[in-house]
Amino acid sequence: MNQYAVIVIGGGPAGLFCSLLLGKGGCKTLLLEKMPTCGRKLLLSGSGQCNLTHTGPISEFTSHYGDHGRFIRPALMHFSNVKLISFFQDRGVPFRDDGNGKYFPESGKARDILNVLLKEANEAGVIIHTSEPVHTISHDISGFTVTTRTDTYHSTGVVLATGGYTYPVTGSTGDGYTLAQALGHTIAEPGPALTPIHTQNFPFRDLSGISFSQVPLTLYREKKKVHEARGDLLITHTGFSGPGILDMSRYFRAGDELRVSFIQYTNINSAREGLISRFSSGGVKQVKTILTSIPLPDRFVRLIMELAEVPPDMTCAQFPKEMRNRLIPMLLEYPVQEMKPGGENEAMVSRGGVSLDEVRKESMESRILPGLYCIGEVLDIDGDCGGYNLQAAFSTGALATDTLLKKLKIPEKI
């Protein structure tokens, strides 16, 4: 009674999609979910609206996964954004592009996506057990034995789709890391990703809500530049957020210093010289007039001048070099020290996870233990904001399914 072809552990988007495709392929599948219901974190995605994926050629997606785009490429090419959207459209879910390349269900409800996954899994004959956390997985010549708090199951294959460790209230508590490690896998240090940063004594707290478009961001570690990027920046009550910060947060480590520019530039030396030239030729114009013409928000200009100890009515003709040398670095390389990334209850996804060196990118099968597959956020891969993480969940789930169906000699029906 407890013998299955495949056991999928985790009822998030990756696990649900993988299991329903396995079921449709004629594979006797059991899905084990620790929480009372499946897809809890999916319901929170995109602020409950579910940013499912992104527009554009799938070949361009690889640049949105940090240093791991090469690993995820086979999965993305196998099951693209076009195929993902079509899957749900064919089942009655229309989509809209928000104008920034993000795809959402037209209803603005993540529940529509989850309902399709659950309905398809049920119709495919997938056996779903909720409120049944997995305690151990063992393996011998006969296959896998999966033990939960209530029962023991046997299978030919096991799929780890347990997610990361952020938003633990949804069930994502890093269980998959423990299970994978017990089976011989290395776990890259988990940490928060897609998260804002907080800093003590934040001087811009009263400017919360002001944003800056496509500004340079540079990360330093032990006084050495380790990463640089460009993106939209948002001031919050406690620090910085916005797509640029969220996407870069996968690289943040304790003790790092982030330097933020509030002005767009392609070369910092040219930008510095450009500001000096503006001030030098400004004459009787006030310094704040030059800054607001860049343009920079008036409230921000007044505060940054105060922080640089530049009088609010200072004219360019009166602007001494020592004041200029305080103000310009604040505009182009504002240092954010003692920064603290948002924790497990705030980060949208996790960085780290099952080492990619130990997983076959062409199949999502373990190099350590054949028959074991790792998909979705349990892997050491995280995407930028904009639907890239959900796309990776569905793509890795589809790729693992195809491999399993072929190994089990079940004809592909995806």
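How many helices and strands are there in the protein? There are 11 helices and 19 strands, where helices (H or I, at least four residues) and strands (E, at least two) are DSSP runs numbered from the N terminus.

1. **Ground rules.** This is a predicted model, in which local features need pLDDT of at least 70 and side-chain atom pairs count only at pLDDT 80 or more, while totals for chains, interfaces and linings use all residues. Residues are numbered from 1 along each chain as its sequence is written, and side-chain values use heavy atoms, with hydrogens and water left out.

2. **Overall layout.** Along the principal axes, the C-alpha atoms fill a box of roughly 85 × 45 × 35 Å. The domain assignment gives domain 1 (3-192 + 348-408), domain 2 (197-262 + 336-341) and domain 3 (268-335); such bounds come from an automatic or database domain assignment. Taken over C-alpha atoms, the centres of domain 1 and domain 3 are 50 Å apart.

3. Of the 414 residues, 55% are buried. Here buried means under 20% relative accessible area, exposed over 50%, and partly exposed in between (1.4 Å probe, protein chains only). Take the contacts (heavy atoms within 4.5 Å) with a separation of 6 or more: residues 24 or more positions apart account for 72% of them.

4. **The cores.** In soluble globular proteins, nonpolar side chains tend to be buried together. A nonpolar core is a set of buried Ala, Val, Leu, Ile, Met, Phe, Trp, Tyr and Cys residues joined through side-chain atoms within 4.5 Å. The largest one here has 80 residues, and L52, F88, I137 and L379 have the most contacts inside it. Helix α11 (residues 388-407) gives the most to this core, with 10 residues. A second, separate core has 48 residues, I197, F202, L217 and I290 among them.

5. Of its 21 lining residues, R230, P243, G244, D247 and D384 are the closest to its centre. For the terms: on a 1 Å grid over the protein atoms alone, a pocket is an open set of points where a 1.4 Å probe fits, with protein on both sides within 12 Å along at least five of seven lines, and lining residues have an atom within 4 Å of a point.

6. Domain 1 and domain 2 each contribute at least three residues. By type, the lining divides into six nonpolar, nine polar and six charged residues. In that count Ala, Val, Leu, Ile, Met, Phe, Trp, Tyr, Cys and Pro are nonpolar, Asp, Glu, Lys and Arg are charged, and the others, Gly among them, are polar.

7. **Backbone spots to check.** I294 and P295 are joined by a cis peptide bond, with omega about 10 degrees; P295 sits in the loop between α8 (287-292) and α9 (298-307). Two non-glycine residues have positive phi: C50, near 65 degrees, and N201, near 55 degrees. C50 lies in the loop between β2 (29-32) and β3 (53-54), and N201 in the loop between β11 (197-199) and β12 (211-221). C50 counts as buried because its relative accessible area is 0%, whereas N201 counts as exposed because its value is 72%.

8. S249 is in the loop between α6 and β15 (257-260), and its 1% relative accessibility is why S249 counts as buried. P311 is in the loop between α9 and α10 (321-332) and, at 29% relative accessibility, is partly exposed. P311 touches M305 and M323, again leaving out residues up to four places away.

9. T178 is found in helix α5 (residues 175-182) and is exposed, at 54% relative accessibility. T178 and T136 are 42 residues apart in sequence and 9.3 Å apart in space, C-alpha to C-alpha.
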